[in-house]
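Please look over the sequence and the model shown here before reading on. The paragraphs that follow lead from the surface to the core and then to the charged pairs.

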Amino acid sequence: MLNIWLAEEIVDCVGCTMRNMTKESQKILLNRYSDQMLTYTIAQEMNISSATYSRKQEQALCEFADRFEFQLVKHGIHTEIDDLHVYPDEE
């Protein structure tokens, strides 16, 4: 039962995160991961270069990680879920 509750909370966090993202980031992530469109197809649809699309996708993923982390804290489950951020190695 606890796993079901946690899964429901995570799904709610994802929904809240997506609703609060910029429209451009929503479009990029939904096209890529929900509709499984190819990156060059999305870039063409957005009328941007592949390099620009790559930068915008990275920004969208970072925005998702930031907003998702906020939702996890808001729902009180931040200690149950791994951080989605990727940190560069510091040498």
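A residue is called buried when its relative accessible area is under 20%, exposed when that area is over 50%, and partly exposed in between, with a 1.4 Å probe and protein chains only. This is a predicted model, in which local features need pLDDT of at least 70 and side-chain atom pairs count only at pLDDT 80 or more, while totals for chains, interfaces and linings use all residues. Residues are numbered from 1 along each chain as its sequence is written, and side-chain values use heavy atoms, with hydrogens and water left out.

Q36 counts as exposed, because its relative accessibility is 64%, and Q36 sits in the loop that runs between α2 (23-34) and α3 (39-46). Between the C-alpha atoms of Q36 and E24, which are 12 residues apart along the chain, the separation is 16 Å.

As for the overall plan, the protein chain contains 4 helices and 0 strands, where helices (H or I, at least four residues) and strands (E, at least two) are DSSP runs numbered from the N terminus. Followed along the sequence, the pattern reads α-α-α-α. The C-alpha atoms occupy a box of roughly 45 × 40 × 20 Å along the principal axes, and of the 91 residues in the protein chain, 30% are buried.

Which residues touch the most other members of the largest nonpolar core? They are L29, Y53 and F64, in a core of 16 residues; a nonpolar core is a set of buried Ala, Val, Leu, Ile, Met, Phe, Trp, Tyr and Cys residues joined through side-chain atoms within 4.5 Å. Two or more residues of this core come from each of α1 (2-19), α2, α3 and α4, and α4 gives the most, with 5 residues.

The charged pairs come next. Side chains of opposite charge can pair when their charged atoms come close. The structure holds 3 salt bridges, a salt bridge being a side-chain nitrogen of Lys or Arg within 4 Å of a carboxyl oxygen of Asp or Glu. One of them joins E24 to K56, with 3.2 Å between the closest N and O atoms; because E24 belongs to helix α2 and K56 to helix α4, this pair ties together parts that are 32 residues apart in sequence. E24 is partly exposed, at a relative accessible area of 36%, and K56 is also partly exposed, at 21%.

Another salt bridge is formed by K27 and E45, whose closest N and O atoms are 3.7 Å apart, and this pair links distant parts of the chain, with K27 in helix α2 and E45 in helix α3, 18 residues apart. K27 is partly exposed at 35% relative accessibility, and E45 is partly exposed at 46%.

In a further salt bridge, the side chains of R67 and E63 meet at 2.9 Å, N to O. R67 and E63 are 4 residues apart in helix α4, so about one helical turn separates them.

Finally, D66, E69, D82 and D83 gather on the surface in a patch of negative charge; patches are made of residues with over 30% relative accessible area and no salt bridge, like charges being joined within 9 Å and nonpolar side chains (Val, Leu, Ile, Met, Phe, Trp, Tyr) within 5 Å. D82 is found in the segment after α4 (50-75) and is exposed, with a relative accessible area of 66%.

How values were computed. Areas by Shrake-Rupley, 256 points an atom, 1.4 Å probe, with all protein chains shown as cover. Lys, Arg positive; Asp, Glu negative; His and termini not counted. Charge placed at Lys NZ, Arg CZ, Asp CG, Glu CD.
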